[in-house]
Each structure stands twice: as C-alpha cells, then as structure tokens.
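Here are my notes on the aromatic contacts, as numbered points.

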Amino acid sequence: SPCSSSGVSSSSSSGLGADAGLEIRTRSVEQTLVPLVSQITTLINHKDKPKRSDKTLQAIQRVGQAVNLAVGRFVTVGEAIANENYELKEEMSVACIEARRAGETIAQLTDVASLDHPESDSHITIFTDKTGVVKAARLLLSSVTKVLVLADRIVIKQIITSRNKVLATMEQLEKVSSFQEFVQIFSQFGNEMVEFAHLTGDRQNDLKDEKKKARMAASRAVLEKCTMMLLTASKTCLRHPDCESARINKDGVFHRMRLALEQVIEIVTDSRPNGENEMAPISIYSGIKEFKNKVEGLRENLYFLSKENLSTMLEVILEHTEDFTDSAYTSHEHREHILELSKQAKMELEQLVSVWMQAQNQKTKDLMEDLEVAILKTCQCMNELKREVHSAATSLAADLLKYHTDHMVLKALKITGVEGNLEAVAEYTCKLSEQKEQLVEMCRLLRHVSGTEPLEITCIHAEDTFQVTGPQIISAAETLALHPSSKIAKENLEVFCEAWESQLSDMSLLLREINDVFEGRRGEKRVYLSLPRPGKHNANLKALKPVKLDTEEQAKIAKLGLELHLLTSDVDSETEKWEDQDNEIVQHGQGMSSMAYSMYLFTRGEGLLKTTQDLFHQAEIFATEGTKLASALHALSDQGHDDDKPLLLLEAEKLISMCKQLQITAKASAQGKSATFTKVDACILKTRNVMTLLCQLLPLCSKLLRKARNGCLKPAPPWKEDRTRTGTNARTPERRVDTFGIKSLENHVTNMTFLESK
C-alpha cells in the first residue's frame, strides 16, 4: 500500500514522501491517496528516452493539467470544510494553499507538448528539472494528506459529540425517580445509542489496525448488550427503590457502559488516560514466535543479538507456562509434559549457544552444520511446547463448554428465585461463582494460544464479560428471591442470564477460530483443505507410505521455505491493495497464497500438511488454481488496449507452463527416502517460482484494470456510494459534514486516475 501508518511512503526511486508527523489510521484516507501516489510516481518515473514522440509529450502534458485541475477541485472542497469548522480553518487553509501551489507547479513543469525542444535549458520542464517535480510531488502528497487527515478529525469530533450526548442522558437516567420520566428519557437515550452505534460501526470498518478494530468491536458489543441490561436493571430499581441488591445491579451496568464508552474514545482518538501506555500482556504463542524468529535469524547473522537476549526471552516464555502448570484445571498429564518440554528447551538453548559461540570464532562448514541442527532442534522443541500448551488450553475449553452447555445453574437460580428460596439461591450463587472462576481461567489460558492479536483481545473481552456478568446475575437473583412475585425482577434476571449464555456460545466460535489459526488456516475468507480423503485421490498411492521430513531434511529446505513465506506475504500485500476483493484474479491469488503458506508450514514441520503425500497433493491443487488464474488473465487481456495484450498474454502463457511443470513433478512417482526428498524440494522450488511470477502479475493486472475501466484519459467513475469503508455516516444525510467530508474528497482524488505512461 502506498500509505503507511506513520505517513505516506512511496517508491524510493521517485524520492516521494510526506510529512512524517501525519499518521493515517483509516482505510478511507489511505485508499483516497492510492491513485494520487500511483499517478505522481508514474509521472516521475517516466523513462527518459533520447527521442520523445508527440503522443508521449501530449500525454505527459495532459496528465499534468489533469492533476492540477483535480487538485483545484479537491482544494475547493477542503476550503469549504475549513469555512464550516473554525477550529480547523487555519491548518486546513495552509494545506489547501500548499496543494494548489504544488498542482500549479506540476502543470507548469509538464507543459511540454507545444515546445520544439522540451529538453533544452531555456525552458524549465520535467525533463530539465526532475528535482523540481519530485519536490512539487512531495509537497502535493503532504498537503493532500494533511487535508484528508484534518477532514477525518471532523468524523472523530462527531463520535466524541455523540458519546457526550449518550453520557449526559445516562446521568439523567441514573437520577430519575418516576417511571414516566424514565420512559421519556430512555426513548431519547435509545435514539442516541443508535446514532453512536452507526458512527462507531463505520469507524470500526474503516480502521486499518486490526488490534484496534478488535478492541472497538469488543467495546461496541458491551454497549449493545448493556443497553437492554440498563433498561431492566433501572426498571427493577424503580420498582424496588429500597432493595440494595437491585441498586448494586443497576450501578454495575452504568459503570460498565461508561468504561466501554471511554474505550471507544481512546481508540478513536488514539489516546490513553493520563498519557499512560497500553501494556498488553505477552502471550506464550507470540513469545515463542518472536523467540523462534530470533533463533532462525542466526542463519543470516551470528552477531545481531546476544546470548543473554535469547536466554531472557526463553525465561519469559517459561514463566508464562506457569499459568498452565499452576492452574488447578490443567490435567496432570499436560502439566508433566509442559514441565518436561520446559526443561528440554533450556537444554536445547544451552547447546545452541555453545555451538553459536564457537561459530562466531571459527566459521567452519562442520560448525555451521552443527549450528543448523541446533537451530532446528531448538525450534522443534518450542513447536512441541506450543502444541502442548495449545492442547492443554483447548481441551480444557472444550470440556468446560460441553459441561456447562445445559445451563443448569442458571435454570436453578431462576426457579429458586421465583420461589423466594434465599437459602437455595445462596447455594447456587456459590456454584455460579465457581463456574465463573473456571471460565475466567479458561479465557486466560486460551489467550496464550490464540495466535493473533485480535483473537487475544477477544479472549480478554470474554474474560471481562464472565468476571462482570457473574456478580450481576447473582445480584439480580438475590433481588428476585427478595421479591419473588416481581415480574420486572424476573425479566431482569432473564436478561443477565441470556448475556451469560450468549458469551458461552461465542466461546465455542472463538475456540474454533483459535484452532483454525493453530492449524495454519490463518482465518482467511476461503480455506483450502485440499488434502487426500479416504477413497479419493489415492488410486496410485496404495503402495506409498506417508512420510514426514526429518530434522536434516528440514534444515536443507529451510531457506527455500522461508523464501516461499516471504512471497506469500508479498502476494497478500498486493491483493489487499485491490478495491474489489471479489475480483476473480484476487480470489485466485489469495487461494494460491493460502496454499503456498501451508506448504511453507510443512517445511517447518507445522500446519495441516502432515506428510509428503499431503504436500504433493497440495502442489497439484495449487497448480490447478494457477491455471484458473491464467484463464482470468486471458479474459482481462480482452479488455485491454492493443499494446497491453502481448505482455499480459505472454505472462499468462508463462504461468500455464510453470503450473504444468509443477503438476508433472507433483504426480511423478518417487521411491525411497532420497528420491522423495528431491521431489519435495522440486515442488517447493516450482511453487516459489510461480509465486514470484504472481507477485509481478498482480500489480500489472491492477494497472491494466484501471486503464480498461478509465479508458486511458477518462476520469474514474465516482466511488460507490454504498462503500462501507468510509469515515462518515451515510445513514445521517441531515449532517452538513457529509456534504463536505472525506467522501467528497475521495471523489475528487479518485478523478486523478488518468494515464499510466509507459
């Protein structure tokens, strides 16, 4: 993506960059800048040829003029925003002036079509003053980004204003003493919560940071559930004003809603109370991942970290395993295995450090081979430790969720509450407290093996929900037991019990996602489990025995596997840039990347592909997907201009040829250990080559699609009005900010998509 979290970055060859102080946190701002960055970079990186045709000169001039016109329209919108928002007027006006000046400079420097000798020094042009163009382009990108980020502040201001309205109405609700007054104010509160939900929902979809997105989702889920709780808890308190347990129940709901509202604002404004930093506890999964990356880094550089650093990292991981070994809910078998693997990890690291220190002094072939074996053994031990804690956490979660699926304690609380049996209610509240402790411990252990930051946050949210909802159910049950004939007290208990049951249901989904990540499925939209099944694909495989790579073979193929991993990241990065995620080319590209990632995991002894036969079958499916992609490329070439077709068709034929070769290799028979490894190596190598070609193809296809859609010099059509990734709220047309907001700026910058010069 042309935009990074710390500003706007671009091709190093063009020297473009923007104000480092500008941070782009939303997709709408980022994607609005994409066409501008693309076109300016294309303009600056044009090939300097001794002879330039009139057609080339005219094209360059048209691009420069069109950029200037589009910037002019963009600035007009920015100035309108400045006039409507006094607190931003000064900053916005300066940014608009800078953008206009930069656009005019680019138009002047590209005014070359009418000149007999555009490269002569008598007239300063893009050909004689490349530095001037770079400078103007940098100023343009910086000022346009400033305008967009300032406009985005208006969206943030809307959310803060909406939050303040909700808080003010909540204060009124807390103080009401009559049902009539409560009903009137709650009606207003409901409307304000709907508006806040819409604004924050749009913002959540627009956030770039997946961690912040997960935190926003958790906070919004709390507010959604608490709105109904607030209604029934407040009504119960009004009906039974002298009941202490009813007051405690209501106060708990208000407190939790205020915390959730505060967290939403922290995420939106990217701030913490009192300037404190957010310190998220490190999970075992992320600790092991970082530790293994450092250990494997020794292959490339023996001096980039100290042995003390590695020892400290392992100590931290092993300290976290105590959460499992000290837990009353961890089985004896799991506890023993975790302790054994912890001891083994220390021994493997000692051996690694010993060989590593020797290799630093004397880099012989034998020592480097010993180091490779030590690296693999250390990583293998850490994989086994990760597998063991994963098994401990997920088996506990599965058992607990199955055990509590009948909700017997909740049912008993409802029955004994209606009976007014205080003694029985006290007995079942003790059982619910025990259940709560079990579920909280389950969430803590699952967090260690969740595998991604968003899932970690979901585990933390689940833990908080059980911690808070448990006591709220108890206070609601006590209120009902004290007032057994109260319909509202009964309804209130039902609402809190439903929240508990809902969270238990969510835990089953969360457990499935955690297992998916662990198995290498990465939680993608489409999951490829293209593995042989009984009775399928194995007509010629009966005589073959499933084989795994041994440690020595893993060492030989590690570098190739790592290259494949890096290529999957590159392909994922390219596909994420496409606005149309349903495009056939993107779908095939994502599918191939997902399968290549599974093959990379196989080289490490991880993931879904357990045997060499699994790998060969996956390679066949990968090649088939590549052939389908080639068909999509042929279809795209029909939309392109005559000068684009040969290049795309050439690349498509190259892809078909490479995929056929991979299929032949994957289907070829291999008898014996040595021949099987050679076949594995060939499959990984050919998959890597296809992925390398895919990395080159995706940007080319994106470029050709834009040209086909825009008809060379035609401006792009307006952005879809129903896009979800905008910072403004389409549901509230009465707001003036929607007339002059991010959306209108998007339309003007999109019109900067003009000509892709060759």
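Which residue lies over the face of Phe616?

1. Lys679 does, at 4.0 Å from the ring centre. The criterion for a charge over a ring is NZ of Lys or CZ of Arg within 6 Å of the ring centre and within 35 degrees of the ring normal.

2. A word on the basis. This is a predicted model, where local features need pLDDT of at least 70, side-chain atom pairs count only at pLDDT 80 or more, and totals for chains, interfaces and linings use all residues. Residues are numbered from 1 along each chain as its sequence is written, and side-chain values use heavy atoms, with hydrogens and water left out.

3. Helices here are DSSP runs (H or I, at least four residues), numbered from the N terminus.

4. Phe186 is buried at 16% relative accessible area (buried means under 20%, with a 1.4 Å probe and protein chains only). Phe189 is buried too, at 0%.

5. Phe466 and Trp500 pair edge-to-face, at 5.1 Å centre to centre and 70° between the planes. Phe466 belongs to helix H14 (residues 453-482) and Trp500 to helix H15 (residues 487-518), so the pair ties together parts 34 residues apart in sequence. Phe466 is buried at 0% relative accessible area; Trp500 is buried at 1%.

Terms used. Buried means under 20% relative accessible area, exposed over 50%, partly exposed in between (1.4 Å probe, protein chains only). Rings of Phe, Tyr and Trp (its six-membered ring) pair if their centres lie within 6.5 Å; planes under 30 degrees apart count as stacked, over 60 as edge-to-face and the rest as tilted. Helices (H or I, at least four residues) and strands (E, at least two) are DSSP runs, numbered from the N terminus.
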